[in-house]
Amino acid sequence: MYKYDTYDRAMVDARVEEFRDQVRRRLEGHITEDQFKPLRLMNGLYLQLHAYMLRVAIPYGTLSSAQMRMLGDIADKYDRGYGHFTTRQNIQYNWIKLEDAPDILADLASVEMHAIQTSGNCIRNTTSDQYAGAAADEVVDPRPYAELIRQWSTFHPEFSFLPRKFKMAVIASDIDRAAMKLHDIGIQIVRNEAGEIGAAFYVGGGMGRTPMIAPLINGFVPIDQMITYSEACLRVYNRHGRRDNKYKARIKILVHELGKDEYTRQVEAEFAHLLSQNIEPPLAELERIKAMFADPPFEAGAPDELDRSDPDFALWVDNNCLAHKQPGYIAATISLKPVGGIPGDATGEQIRLMGDLAQQYSFDELRVTHAQNIVLPHVKKADLYALWQVLDANGLGTANLDLVGDIIACPGLDYCSLANARSIPVAQKISQRLAGKSQEIGELKLKISGCINACGHHHAGHIGILGVDRKGVENYQLLLGGSEAADTSLGTITGPGFDEDGIVEAVEKATQVYLSNKEGQERFLDTYRRIGMAPFKEALYG
Amino acid sequence: MAEVQFRFRDDEPVADPGVTVDAFGEQTNAAAVRLEPGDDARDLIPHLARLQLIEVNFPVFGDGRGYSAARILRESGYQGELRAVGDVLVDQLAYLRRCGFDAFAPEVPLDPADAANAFGRYAEVYQPTTDGRAPIWAKRHSGNNNG
């Protein structure tokens, strides 16, 4: 894991003092709410329906046990005992007082954490593959590259007042577990035929009201030019991205309106200029970072067998665990989606427990996934049963990873001032309704957004649900056929929307159409892609 | 027109107000020009040698195009005064300074103590710009052959 040196620490400490000063000036009335808003936003503080919400950055979703325990303590000390893990691998707290925010940032800084650029029109926290460093299929561990981007993007003087927010993701395998092509910049670290490492740049993806899949603009940027190339991509966007309309201000609109080729041409011209400016960190810096992501001291020859005699445990292993690159180890996902629960929520106590378990069983490391779950990346198979028993006894043993109950949902109208409809109750009802059939239905990624901004990734759900306001009444549209994986696709709306009970009913019907048409090992998405929309429409509206 | 409140230069300020980019193209003797967010800073590159003052206007602080304009001008070798004018607020000062601005004429004058804090808050920086400050990575590897 990355460890701060005195420089990193000085930056975060200076930020805490700056924000303390900004809050003081606001509370004393020296600056208006309009002037304060971009400042608090750049520190992750939103004014929501009932209180302030604080979003804490978890760079590329990686946490130590001590950091996780601090997140649990903050939930108890400053919130109402809960933390909410988000689709951007962050955590947010929904019940924060403005005057407490500087102290929370100071607590976070004590464990090398911050809320820098978790909102605002700047480069946001960089996300990555939750199985980085554990997955057998990665070219390299993508996190050192994401850390390089974290440092470059932190307080970037030119890119702190962009037309709109800017999200980057870095992966290093062909299987995309981070929805990379749905980011403003998605980077896939690749190896070319000469064996050299480079970065493939996908630019202009995103969800929101105009979902777009990012086109590839450069298949191989040499790794010692990755930051310079990023700077070129951002500069073209900062200069030419639309600022006349908030809803057309993301880079995806610029890339779309210019066309991929013209955008690429401008980036390449800017890149050629910037190469003369010597802004790229030396490879020695990448090597310094990489050393901190070296493999933990795995036990050679650890037994590779699992005792599967407990059927509940065997089910959890099959659903929630991923093969590890190291024999004798496994990556275990803790589902934060108990049947009928609030997706991504955990109590302060559960958060601390997960921190403790990571210390005991996973070399002090945890990951947050964009599907709002937690991963213990390096668990010895011999310890897995003991780990599962503790998880199960504490409401953390739900065996539903990637099943219909593993729902992504935004906070919706229960918390968010932008929402048109509630997301959480819909997620809870669907989760309860289909719990008994989820094993039979198999992999089904269901994603719910409470408004068109798509924080719940509904466009990319095998089944997506979009909450809208229809003449003052919450109404839910159903989408089918989206995917955020390597086969990225955007869902299609089935037809007229449903009320709250109707959408639960509609999801169940869609799963029935799948089950009665399924061939062989097809997943819901495969069947949909083969048979098309018509049979689903017939069942829903016929 | 707003007064220059902060200036990090020793030379005499240019008295003339900056002309628009369009007018500048026609006035071959003008030494001062004013860039609006939609203007292309690169149009000035052929004329940088005779320019002594470039004002960059921020009609609203959230429009960040002026940051790129400033860096492009400095990266192209511009040595004259680069002045941020308009909706310039305390919390933007450090970013503006890093992008090459060396004079500030905020529409609403800033609290001098707050501004002094803002200019000096961050002892370290992660990115190199043309402001001459060594980025953290350069300091980390200063004794190193690769650095």
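I started with A:Asp107 and found it in helix α4 of chain A, residues 101-109. This is a predicted model, so I am reading computed positions throughout.

Next I looked at what A:Asp107 touches, skipping its neighbours within four places in sequence: the contacts are A:Met70, A:Ile74, A:Lys77 and A:Tyr78. I then checked the side chains and noted a polar contact of 3.0 Å that joins A:Asp107 to A:Tyr78.

Then on to the other chain. How many residues does each chain bring to the contact? I got 48 residues from chain A and 38 residues from chain B. For the area buried between chain B and chain A I wrote down about 3,800 Å², with 55% of that coming from carbon and sulfur atoms.

The interface of chain B and chain A has 13 salt bridges by the rule. I picked out B:Asp63 and A:Arg243, whose side chains form a salt bridge at 3.4 Å, N to O.

Which helices of chain B supply at least two residues each to the side that touches chain A? I listed α2 (65-75), α3 (93-98) and α5 (136-140). I marked α2(B) as giving the most to that side, with 6 residues.

Last, I sorted the residues on the side of chain B that touches chain A: 14 are nonpolar, 13 charged and 11 polar.

Key
Residues numbered from 1 in each chain as written. Chains lettered and ligands numbered in written order. Predicted model: local features only at pLDDT ≥ 70, side-chain atom pairs only at ≥ 80, totals over all residues. Heavy atoms only, no water. Contact = heavy atoms within 4.5 Å. Buried area = accessible area lost by both parts, 1.4 Å probe. Salt bridge = Lys/Arg side-chain N within 4 Å of Asp/Glu carboxyl O. Helix = DSSP H or I, 4+ residues; strand = E, 2+ residues; numbered from the N terminus. Nonpolar A, V, L, I, M, F, W, Y, C, P; charged D, E, K, R; others polar. Polar contact = N/O pair within 3.5 Å; in protein donor to acceptor, adjacent residues only side chain to side chain.
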